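Trainee: I am new to this one. Please walk me through a few features.

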Amino acid sequence: MSILNQGWSRRRLLKTTAIAGAALAAPAIWTPSRAEGKRIVVRDDGGIYTKAYGAVFYGPFQEATGIEVVGVQANAEPTAQIRSMVDAGAYTWDMAKISQPAILMLTSGDKKYLEPHGLESDPVIATMPKQYMSEYGVGNNVYTTVLAYRSDAFEGREAPKSWADFFNVEGFEGRRALRKHPFDTIEQALLADGVATKDVYPCDIDRAFKKLDTIKQNIDVFWTSGAQVEQMLTSGEVDLIPTWVSRAQSARAGGAPVEIVWDQNIWGLDSWSILAGTPNADACREFIKFASDAKRQAALMEYFAAGVTQPAAFDLIDPKVAQDSPTFPKNIESGVQIDAKYWLDNQAAVIERYNSWLLT
Amino acid sequence: MSAVSNRTRSAPMPGWLKNWLMIAPLLLLLVGFLVYPVGKLLSLSFVDAEGFSLAAYKQLFASDLYLRVLWITLKISLITTLLSVALAYPVAYLISTASPRMKGRLIFLVLLSFWTSFLVRAFAWVVILGRNGVVNQFLLSIGVIDRPANLIYSLGAVLVGMVHAMLPLAVMTMLAVMENIDRNLPRAASTLGARPGAAFWTIYFPLSMPGVAAAAIMVFVTAIGFFIVPALLGSRFETMITQLIIDQVQQTLNWGLAGAISVLLLVVVLIVFILYDRVFGFATLTGESPAGTTNRDTAARRAGAKILTMVGDASDGLIGLFPGSGKSTDAGKTPWPLTVFVWTILVLISVPAFLMVPISFSQAGLNWPPSGFTTEWYAQMWNTPVWTQALWRSLTVALGTGILSMLIGVPAAFLLARANIRGKAALLAFVLSPIVAPRIIIAVGLFYVFAELNLVGTSLGLIIGHTVVCVPYVVMTMVAVLRNYDTRLDLAAQSLGASPAKSLYYVTFPILAAGMFSAFLFAFATSFDELTIALFSSGGLSATLPKQFWDEVTLQVSPVIAAVSTCLLVFISVLIFTADRMRQRSLAR
């Protein structure tokens with residue numbers, strides 16, 4: 001994965017409710033007068049995310065507490081940066097929005113690069129479903145990989161409805177692209193081969209590659225970055241493509257005739273995490289509570305189809321918009337959650353095998 | 001810093017001390033900000049939790065993946081090098097013969113695409129070569145083909161993208177040398193009866209070889225580090241080694257294996273250097289004494305001369321086929337097929353940059369053909385201060401990098417080109433190592449050093465980091481230029497009473513001006529386009545322009561990048577036009 005790759009725009013925000021205002025009741029220590037001039041730096045995904053977070057979280061948080069929040073972008077899996085910062089004690093960032101695999105990566109060794117947040121019993125955080133929580137992260141967004149296709153390419157004939165259809169090159173003719181990385185791709189092959197969503201992990205790698213062999217010659221493009229996907233969908237370079245849903249939605253918003261197959265979507269979680277040892281850890285905790293409020297999460301929908309992590313947020317979101325969210329009940333229930341632990345243990349071997357597979 | 005070699009008459013200090021002072025800044029820079037940080041990272045490949053271990057290397061050779069990808073990388077880099085040098089040579093030649101006015105314009109065209117981000121250029125090729133891209137739509141509309149041809153996602157497309165990216169480097173390096181070739185020599189050959197082809201191939205071409213050699217080496221080592229262009233334009237077969245290193249650094253945090261792959265890469269490149277030295281000799285670059293070189297390879301040299309004579313005869317035969325041009329006996333006159341060829345190349349390499357102009361006003365986004373008219377993208381750019389901030393920061397850093405690289409690189413180049421010191425080839429390889437070492441490894445290593453020095457996120461840190469990777473371009477260009485510089489001119493000035501400093505100022509520098517300008521421009525432009533170090537050592541705070549481009553391209557394929565590119569194009573054009581005007585005026589005085 002180049003620095004270019006990975007799921008910039010896959011991310012969406014989801015977050016469950018917090019009682020409105022509870023987050024505002026920050027401890028006295030963070031009242032504006034005491035916290036004047038204080039600043040935390042948060043790594044986020046840039047672009048529309050920085051814009052949305054700035055309007056919904058960063059700005060209002062500063063007004064409420066006096067703590068300035070600066071959002072900075074970095075590559076999608078900034079594990080190397082976080083490791084360097086904590087090792088060197090140079091906290092360019094205080095906290096980061098990172099994926100579940102990244103959290104595991106940074107905390108599975110002897111040295112923990114992230115700080116336990118300890119917010120489990122906080123009234124705002126407690127309403128968040130368990131699947132969006134971990135010791136080192138509070139879920140803020142669910143991203144997901146779906147099958148997207150150009151509806152103009154399937155005019156007058158049956159359109160694909162599943163990963164099995166994507167792998168059926170005779171039944172669903174069209175130009176295809178596949179990600180040049182095994183993440184999600186292995187799962188797609190297994191689902192296409194008839195593995196039930198609950199049985200995907202641990203992955204039967206041999207079976208997956210056998211299935212992948214069947215379409216290898218029919219893949220016209222192997223993509224590496226989300227931007228590439230969006231360009232290919234918009235220009236009609238390919239007709240079928242597995243992609244982070246946000247890229248497909250963005251191409252559709254730009255006027256391209258793109259349809260999304262939500263069934264069997266493969267979803268993962270992004271969380272707020274605090275860098276181990278940062279002097280601003282407590283300010284970060286206050287910010288996480290603030291940003292986990294259902295009402296604020298719902299407000300993100302004005303900017304993009306966020307994967308909110310507080311179920312109560314959907315009470316405040318227009319139902320029409322809500323069905324574009326990866327955490328909309330119908331969507332999340334038909335999906336498979338990425339097993340971050342499985343990938344942490346197996347990624348080195350599978351990435352190597354996938355790269356070899358590409359070259360032969 | 002005196003540039004006078006140890007041949008100077010009354011040297012106030014011993015030769016070894018002078019030599020040392022000329023190269024010390026470069027060595028200190030590289031040891032402190034390359035060897036130390038990179039070495040620290042690479043040493044991780046020899047340890048595991050218990051201590052010394054070769055586990056990373058076992059993993060490296062357990063699968064044939066890494067060797068295969070390395071082979072692919074070398075193959076792509078080599079083809080890119082051959083194509084770039086072959087295409088750049090006529091361009092550089094024509095520019096070197098052009099009038100000063102024309103020269104400015106031609107250089108402007110060569111460097112045009114250089115000022116937009118490499119990401120923008122890569123995406124431009126996607127738009128041009130895609131299934132519904134510019135070329136396919138054109139061919140469909142005139143009925144040459146009835147369904148879109150597969151032009152992209154292949155080795156060919158990768159080569160187009162890479163050669164395009166490398167041409168400016170190759171042209172500028174060769175130009176720096178060609179500017180210093182005495183035009184009277186081929187002319188003298190003509191007077192003595194040589195036909196234009198023979199005069200060119202037996203006289204001019206050998207004199208231009210240091211430029212060719214320098215360009216080839218620099219293009220090769222730069223190409224090895226490419227990965228975004230192959231990823232965007234290639235098929236599943238075009239995986240570059242840098243990509244695998246980045247995966248290990250970022251994705252799996254396996255810095256041991258990343259170090260092992262890097263060591264493998266460095267070793268292989270070193271072997272390529274040694275082979276190069278055996279076959280061509282670094283003498284072509286550094287200019288060993290004539291005695292040394294003739295002793296070395298007499299047979300090969302004779303064979304080479306013979307081949308050149310044959311090529312000369314053959315081309316004279318060819319020239320004879322073109323009506324009108326064969327009669328010319330003036331070797332300085334440019335044959336028209338050359339002019340046509342060069343202009344075709346110049347137009348082709350400018351296409352991606354100019355493509356951004358219509359797209360920046362289009363409502364269709366980064367798609368072809370543009371439709372509608374909007375200034376929305378310009379408004380978006382204008383309304384966010386990040387673009388102008390990033391531009392100023394990039395300009396500051398690039399200017400600082402250019403100046404620092406020159407201050408450190410030029411004296412070192414004088415030493416490498418002139419002094420008789422041992423281990424020159426090794427020294428040269430060392431100077432080139434910042435380009436060979438994977439950028440991501442340098443970036444991660446530098447972060448730790450910068451953290452200790454409190455330089456994280458500062459302009460100074462960025463300037464130092466960029467100087468490390470830019471100084472090789474300065475040294476190589478200057479070494480190649482100095483190879484052709486006649487030191488007797490300095491001696492003449494001094495024998496007429498000029499002090500070393502005065503002869504440097506009044507004789508040496510004016511003659512070397514074109515080469516120094518090339519070198520500076522290259523350091524400037526490389527810094528201006530540098531992403532990895534900027535990304536890593538600034539932590540995302542205070543972005544530079546490439547980083548801003550990168551954010552924009554990775555996050556949303558926003559046509560704002562087309563608007564920014566167009567503005568840069570205008571900005572650079574105005575800058576160059578003004579500089580040109582000022583120069584003209586100072587000449588007129």
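Trainee: What do the buried residues of α8(B) pack against?

Mentor: They pack against α9 (196–224) of chain B; contact means C-beta atoms, placed from the backbone, within 7 Å. This is a predicted model: local features need pLDDT of at least 70, side-chain atom pairs count only at pLDDT 80 or more, and totals for chains, interfaces and linings use all residues. Residues are numbered from 1 along each chain as its sequence is written, while chains are lettered from A and ligands numbered from 1 in the order in which they are written.

Trainee: Which residues of helix α8 are buried?

Mentor: An α-helix has 3.6 residues a turn, so residues three or four places apart point the same way. In α8 (residues 184–191) of chain B, the buried ones are B:Pro186, B:Ala189 and B:Ser190 (20 or more other C-beta atoms within 10 Å of their own). Their arc around the axis is only 100 degrees, so they lie on the same side of α8(B). Just after α8(B), B:Gly193 has a positive phi of about 110 degrees.

Trainee: How do α3(A) and α4(A) cross?

Mentor: Two packed helices are described by the angle between their axes and the distance between the axes. Here the axes of α3 (residues 79–88) and α4 (residues 100–107) of chain A come within 10 Å and cross at roughly 35 degrees. In α3(A), A:Thr79, A:Ile82 and A:Arg83 meet A:Ala102, A:Met105 and A:Leu106 in α4(A).

Trainee: In which sense do β7 and β8 of chain A pair?

Mentor: Pairing takes at least two DSSP bridges. Strand β7 (residues 176–179) of chain A and β8(A) pair in the parallel sense, over four bridges. A:Arg179 is opposite A:Trp223 in β8(A).

Key:
Buried ≥ 20, exposed ≤ 12 C-beta atoms within 10 Å, placed from the backbone. Helix = DSSP H or I, 4+ residues; strand = E, 2+ residues; numbered from the N terminus. Arc of directions from axis to C-beta. Contact = placed C-beta atoms within 7 Å. Axes fitted to C-alpha atoms, helices over the stretch in contact; angles between N-to-C directions.
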